[in-house]
Amino acid sequence: MDSSPIGLLDTASLADNPGSAAALLAGVLDSAMDAIITVDENQNIVLYNRAAETIFGWPQQEVMHQSLQRLIPGRFRQGHGEHVERFGTTGATSRRMGTRNVVYGLRANGEEFPLDASISHLDTPNGRLFTVILRDITGRLLAEEEHSRLAALLDSAMDGIITVNDKQQIVMYNRAAEKIFGWPSGQALGQALGELMPERFRAGHDEHVRRFSATGVTSRRMGDGSVIYGVRANGEEFPMDASISQLETADGKLYTVILRDVTERVRAQQERSAFAAAVNAAREEEKTRVARELHDELAQSLTALKMDTLWVRDNTLTEPDVARAKLTDMLGMVDGMVASTRRIAADLRPLLLDDLGLLAAIEWLIHSFSQRTGVACSLSAGEELELQEPYATAVFRIVQEALANVAKHAAATEVAVAIGSLPGEITLSVRDNGGGFVTGMPRKPQSLGLMGLHERAQLLNGRVSIDSAPGQGTRIGVTIPLPEAEATP
């Protein structure tokens, strides 16, 4: 008779001896949460507890003394037998089974499922017995897969995502956060969130989070005006757009912050503000200039003309020769006033643009530029170039602004202007052979010419490209989409 404990676990004898050691052992095995299955050297089941019944769906009476193969998917049966055989020859009494400790079982309904398993063997007078302890890890693997999908999703996000616990220690930190802050994940995890923000804001941040936690609101934007500041690993401060959310978990409250580096947006806003201020100043300066010219030229001339008119009225009969001479001077004065009026009007808006069209206005602009600066300037454009407003004025002003930039900064000797039209858009290029510049350098204070080009193009949904390098000149390219009525067929 088998004297081993397992050999004594016979159902009939256990009923007759409920207080025996074997019955006690059987009760322990049946109360276990993990499935416990013992097989003999022929891989026939000799022990099968209640947890195994629950996991596999087979009642004990249907599997006892049956082959263990019934509980293994077909594709794994041969490999399982070889695995057990190798294990029996190692001399080890127990070890875990399967790659990464995961094997697969087969339920009574034909469903396959993953198991965490360990195997042990025991030599008895009736032969070697193999015992397998099994745990259904379907839920765990699903959770791990879900976690992996979530981690991949978070790492693919363009925004930085950081989660901290109620002690403000970082517990999650995605790849975008690594790029934004410059700290690798390994160094950031476990650190205080305050390390990622300028010191002067840390106390205010802690108070903000405390108040947010007390509200019970699940999420909201952070910072006055939705912009806060962070600090990179190199010590550089930068503006961020941020929102915060909170979540109660079994391990305590978690706070997740979603961050976006808005350095370029803030810089663009600052440049637009500077451009708007400069445009307003230029407008006021233009008004002052026009007022001065009206006063100095037209008003004074009109005053002199009035005085001469009164003299002629009072002295024509008594001094006809002098009156005739004065009338001649008055006509010359009127001609000068007409010329001044035309010049002032042309400075405000070239009459050619309205009278003769865009091509004639640009030809006049280029001729005036060459005369004023001494820089040779050529124009390449189709004779059929005609645009309606506001496109004609936009193209004219862009060329005017580009030539003004050449005159101020380029030190060029040659400039080439090319205007072309394609289906649905108009293209413009201004190229010079001047000194060039580094396009990535910050804009110089009070230098708003290129910003003006961008602004004029963007008003019409256009785009501007600038190619330049020191010593290699500069090319400004502009493309403006045209409405259907303006498009070249």
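## Helices H13 and H14

In this predicted model, helix H13 (residues 358-373) packs against helix H14 (residues 391-410) at an angle of about 10 degrees, and their axes are 10 Å apart. Angles under 35 degrees count as roughly parallel, so H13 is roughly parallel to H14. The crossing of H13 and H14 is right-handed.

Who does the touching? On the H13 side, the contact is made by Leu 358, Ala 361, Ile 362, Trp 364, Leu 365, Ile 366, Phe 369 and Thr 373. H14 answers with Ala 392, Val 395, Phe 396, Val 399, Gln 400, Leu 403, Val 406 and Ala 407. Sorted by class, the contact of H13 with H14 comes to 14 nonpolar and 2 polar residues, with no charged ones.

## The chain as a whole

Stepping back, the chain has 15 helices and 17 strands. It is 489 residues in all, and buried residues make up 36% of them. The chain exposes about 28,700 Å², with carbon and sulfur atoms supplying 54% of that area.

As for contacts with a separation of 6 or more, 52% of those in the chain come from residues 24 or more positions apart.

Asp 308 sits in helix H10 (residues 263-315). Its relative accessible area is 16%, and buried means under 20%, so Asp 308 counts as buried. Leaving aside residues up to four places away in sequence, Asp 308 touches Lys 326, Met 330 and Met 333.

Val 257 belongs to strand S12 (residues 252-261). Val 257 is buried too, with a relative accessible area of 7%. Val 257 and Ile 244 are 13 residues apart in sequence, and their C-alpha atoms are 4.4 Å apart in space.

Most residues other than glycine have a negative phi. Here are two that go the other way.

His 65 is not a glycine, yet it has a positive phi of about 65 degrees. You'll find His 65 in the loop between helix H4 (60-63) and helix H5 (77-90). Is His 65 buried or exposed? His 65 is exposed, with a relative accessible area of 58%. Gln 168, also a residue other than glycine, has a positive phi near 65 degrees. Its place is the loop between strand S7 (160-164) and strand S8 (170-173). At 13% relative accessibility, Gln 168 counts as buried, whereas His 65 is exposed.

Key:
Residues are numbered from 1 along each chain as its sequence is written. This is a predicted model: local features need pLDDT of at least 70, side-chain atom pairs count only at pLDDT 80 or more; totals for chains, interfaces and linings use all residues. Side-chain values use heavy atoms; hydrogens and water are left out. Axes are lines fitted to C-alpha atoms, for helices over the stretch in contact, and angles run from 0 to 180 degrees between N-to-C directions. Helices (H or I, at least four residues) and strands (E, at least two) are DSSP runs, numbered from the N terminus. Angles under 35 degrees count as roughly parallel, over 145 as roughly antiparallel, 65 to 115 as roughly perpendicular and the rest as oblique. A crossing is left-handed if the near helix is turned anticlockwise from the far one by less than a right angle, and right-handed if clockwise. Contact means heavy atoms within 4.5 Å. Ala, Val, Leu, Ile, Met, Phe, Trp, Tyr, Cys and Pro count as nonpolar, Asp, Glu, Lys and Arg as charged, and the others, Gly among them, as polar. Buried means under 20% relative accessible area, exposed over 50%, partly exposed in between (1.4 Å probe, protein chains only). Accessible areas come from the Shrake-Rupley method with a 1.4 Å probe; for residues, only the protein chains shown count as cover.
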